[in-house]
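Work through the exercises below with the sequence and the structure side by side, and try each task before you read its solution.

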Amino acid sequence: MASNSLRTSFKKFVQEEGAMRNTIVTGLAEMLGTSMLVFLGCMGCVGSLGVIPPHLQITLNFGLSVMIVIQCFGHISDAHVNPAITVGAVVLGKKTIPQALVYIFAQTLGAILGCGMLKVVTPRQDLTTKGIEELDKFCVTDLHPHLSAIQGLLLEGIATGILTLVACAIWDRRNEKNTDSISIKFGFTVAALATAFGPYTGCSMNPVRSLGPALWNNYWNHHWIYWFGPIGGSLFTSVMYRFIFGIQQPVEEANTPESVALNSIDVPHKNEQP
């Protein structure tokens, strides 16, 4: 009897719409999407299995991984897979703060799982890009030795700001008739930004993309930059877009006592009788 009740409840949960179900489904989509992004992106950096990937191959791989994730989950959760993009969505009114908290938790968990899965399927001695000396920092993001922390912070903010600007433009209702692929737009945007900014900071643009490898490698050098830079860049860009380029909502005429009185004046009808 209890088994039938449990089965009925599960079937009802799966088939019916509701706030709780939608929250769980979108959170699951964000977790799986972020896991796929980190898993595929970092897998493309492995250089010890007979193929040493050049910089352009790595950046294209991350961009195409983003394209795959958006194609899979964009219609379910919008496939943010990035706390910085979620913050921008909150500023623009696309997501509420409670929804954003669910998204960020799911993204964090997904990044940790994705990097962990890559460690499971790759022999430890092969989990490196160039040589054995990089075993303890595979796929982590860090600054070029010639850069200062402030320069790295600015660069991550600028790169994420550009990515967020693309998101703001796509979310803009004036772009509704542009039916070309959103997944391709984001994929090639990420590839272009990673190609340009990668040698400087690794071009994370995504705090949890940096968190997963940092956690599994216990490598925290300059890690704070990859939280403050992307989130700060996203905040600045989304606020700017909303107040400078956003569509202003028409202000409805207030129902002041004067307007109510004017609108309620009865126009006298002429007496048609002689």
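The exercises that follow treat a disulfide and a pair of helices.

This is a predicted model, in which local features need pLDDT of at least 70 and side-chain atom pairs count only at pLDDT 80 or more, while totals for chains, interfaces and linings use all residues. Residues are numbered from 1 along each chain as its sequence is written, and side-chain values use heavy atoms, with hydrogens and water left out.

**Exercise 1.** Find which cysteines a disulfide joins (a pair of cysteine sulfur atoms within 2.5 Å), and work out its handedness.

*Solution.* Begin with the sulfur atoms: those of Cys42 and Cys139 lie 2.1 Å apart and form a disulfide, and the count by this rule is one. Next, take the torsion about the S-S bond of Cys42 and Cys139, which is about -85 degrees, so the disulfide is left-handed. Helices here are DSSP runs (H or I, at least four residues), numbered from the N terminus.

**Exercise 2.** Determine how helices α8 and α9 are oriented to each other.

*Solution.* First, the axes, which are lines fitted to C-alpha atoms over the stretch in contact, with angles from 0 to 180 degrees between N-to-C directions, come within 9 Å for α8 (residues 207–217) and α9 (residues 225–245) and cross at roughly 170 degrees. That makes α8 roughly antiparallel to α9, a term for angles over 145 degrees. Then look for contacts (heavy atoms within 4.5 Å): Pro207, Val208, Ser210 and Leu211 in α8 meet Tyr226, Trp227, Pro230 and Ile231 in α9.

Technical notes. Helices (H or I, at least four residues) and strands (E, at least two) are DSSP runs, numbered from the N terminus. Angles under 35 degrees count as roughly parallel, over 145 as roughly antiparallel, 65 to 115 as roughly perpendicular and the rest as oblique. A disulfide is a pair of cysteine sulfur atoms within 2.5 Å.
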